[in-house]
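Biologist: I would like to learn how to read a model of a complex. Could you walk me through one, step by step?

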Amino acid sequence: MDSILLSFESILNIQTILILLAGVVAGIIVGSIPGFTITMGVALTLPFSFSMDPVNGIALMMGVQVGGSAGGLITSCLFGIPGTPSSVATTFDGYPMVKNGEAGKALAIGLWSSFIGTIISGIILIFTAPILAEWALEFGPWEMFALMLFGISAIASLSDGSLIKGLISGMLGILFALVGSDPLTAIPRFTFGMSELMSGFNFLPVLIGLFAFSQLMSDIKRPPAPVPFSEASNVSYPLPKLLKDMWSSGTNVIRSSFIGTLVGILPAAGGSIANILSYDIAKKFSRKSHEFGKGTKEGIIAAESANNSSIGGSFVPMLAFGIPGDAVTAMMLGALLIHGIQPGPLLMENQPVLVYGIFISFFLAAFLMLIVQSLGIKVFLKINNIPQHVLIPVILLLCVLGSFAVNNRMFDVWVLLAFGLIGYWMKANLFPLAPFILGIILGPMIEENLRQAISVSPDLTTFFTRPISAVLLVMAAASLTYGIISSMKQNKPNEYEQENKESA
Amino acid sequence: MMTVKRDAMNAVILLAFCGLAFYGSTLIPERSLGKTEGDFFPNIIIGILAVLSLLLLVKSVYAYVTSEKQQRAEPKTSLKERWAEGKKVWYTFALFGAYIFIMPLAGYFLSSVAFLFTLYLLLSSNRKRLWLVLIISNVVTYVLSFIFQKFLLVFLPSGVLF
Amino acid sequence: MKKMMGALILGGSLVLSACSSAGGSTEAEGESYPEQPVQIVVPWDAGGDTDAINRVIAEELEKELDQDVIVKNISGGSGVIGAQQTLDAKPDGYTLLAIHDSMAMSELMGQADFGYFDFQPVSLMTSTYDLVATHPENPWDNMEDVVADAEGDPESITYAASIGSTSQLEPALIQTAADIQFNIVGYEGTAKRMKAIVANDVHLGSVSIAAGKEYMADDRMKLLGYTGEERSAEFPDVPTLKEQGIDVTSAVSRGIAAPKDTPEAIVEKLSDALQNVAESESFQERMEELGSEVSYKNTEEYVQFLEENEVEMKESLETSGLLE
């Protein structure tokens, strides 16, 4: 108990709160610029964190992470371009909602979902971190493979339109993700002699190439009809109405936050998977699943509460074992290392003040994020009034800079262009983009875990004899079947005529 | 019917891509370092992709054959019309390609100002107050380079020609 | 009028761009170096051991040079991507590279077409030894038990290593020295390897001293052997591999290199500054916390060290069958 009080003392001072605030603001900015990821933002704060004491250093990084995860929703809603990789699914309903003239509502719902997701995952983190961490250890290569398979089964229900095309998109995504050195044997694959491809295509230029280019180019081709503008609904969405909206989707919020937290706990999973997976599950559970993709609040809620709650989840293995769950926690651990704190299973015992400090600043970051962004939304909504021909060049320039900054090389900018062309081709030919992204994210993990499992024991029945793995495989099969059946029902009569209408 | 024909073509493109990918996977050397070789997983995926592409081909050909004759002939958008519609897109792609080709030579600053300005000319029909556009292009470029170099410590290409 | 405005602004941007490209004067040979921030490229992810060590070096070097020293992570391809970029950088002493043994490995294994001597080595800074660890539930208490078991049933014992990097060398060398056969499973990155050991997904794996201490204290790992010449002061109870009849020592030696043709005066200045860093008390303290030994060598000694290191690496790879 003493240490909790000490932690409060170490957090609740002007300096720490200001640092946290600076982190949140920086995070929202970084998150809202397409071409910047949260990981990049946190990496940039790393040098600053060294000169601070450990709690403040972590608070700064946490601020960026929480702020960034919520900032990603701005670009996702306003432009249909994911601001960060973990807000891909936010575009599915956020952008249509903005097009329907409900920009204020979309952003407000996204923001509150992010906030509630963060809080719920924080509560789960504090009370069950040790138990959850032990549970996460049960996930060996077999379970991870089964889980990733479950994740990829979402392709079937995410490919609105043609199922075959959705599956093709997914396979293409996996295939492109395999370029580079083999994760298990370090042998170069599909590099065709280009040394720049040794580490594969960087995810960031691929993502913004696919989404930003295809979106901006179709805007250029057919300038979007001016958004129906009504001062009242656009600029600010009244809080009572909003709270009512959130309340009526209570189950969705809670379910999505749990999914996000659980996915965040598992090593290497993280926000981008949580975001899509939770969207897919919400769609399957919903009685109005046909409204998904057309601007329903449920889609935004599922996507945004999951990506923020995955942050809390990712702290579980970090605090319980000193094992980072993703790139951001890896950097936090690095910051601790440099301060001479060895993260490990004894971190909670040896550094209780620090650990509780992390908990407290996590909650504080959530509140600061809510306040800052509530004010920020009003500013961001003004972007909506800037004409396309001014905005598009600037966004493209930002995409170039962001891609260049990944590794300080022009090669990644060419990757951006290449995937821009691929994305444009896909969109023009009605290949859905979401399965492609899912393939890129999950493909390498499916491969790595499958091959690790086979290497450890060549006996394939192990996948079914390990209980968690078996359950997940059954779930994957069920989800795939469900997806296929519902997509066949949806467009049985004549898919092509339907598509003709859509593409016309 | 456009989509049907285009899908048949897409399927053929995808099959060709599978061929390329399979060729790529034969180039992966076998080192017997683990229980599975580097081409184990890629070949599974290439196989699935090839099957799916074939399915798409069969499906689109089937749809074409069973469709009524008049419907088949009906919507004939000429290449010219399609080009006119997508012209700006291809110009933008070309401009973007030129921009990133020139950037390492001319440096970030000059190429970016030129890119912003030309793309504005391409996208907007408004030809008034172009000097203002040029000023804004300069300011945006300079502010971004300032942020990147000073705060993010990303050193942008300075160019070799100047 | 408008045309003139346009011309003026265009002219203005030309001048601005000219100004921004001027700055790095090449005539400064050591005397005034460094006049601008120095960048150390760490070709690995932020948060790893190599990153942590080099960030500490950067921080200490800042004091010596009285100039900002920035760490830039350019990860990927087992360190090849970042190294490639330093290779192409201007040899003006403002871009440096953090290197370790993996560079020789990458060259020998054909992952990179360059090696140590395509750079200008500056100084060796630290050496880090590892511990072989296992889950407490496993029956072995030292490497001798492991060897005995492995002799009876080859490939029954799994060993996590990131294949193609230096961490693969350790099990490979043990295999050759003890004439046994492990089942080496590829796990890329320290974090994944640690998780696999703690969860007992694999039997054996290497951990750093600092991490090993924590996990052993919490009874989540047993430590079977140490890869140093002598026992570590931190673990007086853990015998070295040599003591257990396995003639293997293996260390990760981390140093700083510059692009080739960097002016001699600058290299010398850097090497001297790094020597001061290595001798400073604060640096040694922090390295101890990170579980690394400070093992400074100046440029001349370092070049010699790397030459020997390359030969040894080649021999190890050949004897362990990783290289024909």
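**Reading the model together**

Modeller: Let us start with one residue: A:Ser181 is found in strand β1 (residues 180–181) of chain A. Helices (H or I, at least four residues) and strands (E, at least two) are DSSP runs, numbered from the N terminus. This is a predicted model, in which local features need pLDDT of at least 70, side-chain atom pairs count only at pLDDT 80 or more, and totals for chains, interfaces and linings use all residues. Residues are numbered from 1 along each chain as its sequence is written, while chains are lettered from A and ligands numbered from 1 in the order in which they are written.

Biologist: Is A:Ser181 buried or exposed, and why?

Modeller: The general idea is to count neighbours. A residue is buried if 20 or more other C-beta atoms lie within 10 Å of its own, exposed if 12 or fewer, and partly exposed in between, with C-beta atoms placed from the backbone. A:Ser181 counts as buried because it has 23 C-beta neighbours inside 10 Å.

Biologist: Which residues is A:Ser181 in contact with, leaving aside its neighbours within four places in sequence?

Modeller: Two residues are in contact if their C-beta atoms, placed from the backbone, lie within 7 Å. For A:Ser181 the partners include A:Pro188 and A:Met198, and also C:Gly77 and C:Ser78 from chain C.

Biologist: And how is C:Asp272 placed?

Modeller: C:Asp272 sits in helix α9 (residues 264–279) of chain C. C:Asp272 is partly exposed, because 14 other C-beta atoms lie within 10 Å. Sequence and space can also be set side by side: C:Asp272 and C:Ser123 are 149 residues apart in sequence, and 9.0 Å apart in space, C-alpha to C-alpha. For A:Ser181 and A:Ser486, 305 residues apart along the chain, the C-alpha separation is 38 Å.

Biologist: How do I read strand pairing, and in which sense do β5(C) and β6(C) pair?

Modeller: Two strands pair if DSSP finds at least two bridges between them. Strand β5 (residues 158–161) of chain C pairs with β6(C) in the parallel sense, over four bridges. C:Thr158, for instance, has C:Asn183 in β6(C) as its bridge partner.

Biologist: Which way do the residues of β6(C) point?

Modeller: In strand β6 (residues 183–186) of chain C, C:Asn183 and C:Val185 point one way, C:Ile184 and C:Gly186 point the other way, and all are buried.

Biologist: What unit do β5(C), helix α6 and β6(C) make?

Modeller: A crossover is right-handed if, with the strands pointing away from the viewer, the path from the first strand over the helix to the second runs clockwise. Here β5(C), helix α6 (residues 166–178) of chain C and β6(C) form a right-handed β-α-β unit.

Biologist: How is chain C divided into domains?

Modeller: Domain bounds come from an automatic or database domain assignment. In chain C they give domain 1 (33–127 + 252–319) and domain 2 (129–244). The centres of these domains of chain C, taken over C-alpha atoms, are separated by 27 Å. Contact between them involves 14 residues of domain 1 and ten residues of domain 2 of chain C. On the domain 1 side, α4 (102–108) and α11 (299–319) of chain C each supply at least two residues.

Biologist: What does chain B look like?

Modeller: Chain B has six helices and zero strands. Buried residues make up 33% of its 162 residues. Chain B also has domain 1 (2–73) and domain 2 (79–151), with C-alpha centres 37 Å apart.

Biologist: How many residues of chain B are in contact with chain A?

Modeller: 51 residues of chain B are in contact with 47 residues of chain A. On the chain B side, α2(B) gives the most, with 13 residues. That side divides into 33 nonpolar, twelve polar and six charged residues. Ala, Val, Leu, Ile, Met, Phe, Trp, Tyr, Cys and Pro count as nonpolar, Asp, Glu, Lys and Arg as charged, and the others, Gly among them, as polar.

Biologist: Where is confidence lowest and highest in chain C?

Modeller: pLDDT is the predictor's confidence in each residue, from 0 to 100. In chain C, the lowest confidence is in helix α1 (residues 2–21), at a mean of 48, and the highest in strand β3 (residues 95–99), at 95. Chain C averages 85, and 90% of the residues score at least 70. For the complex, the predictor gives an ipTM of 0.90 and a pTM of 0.84.
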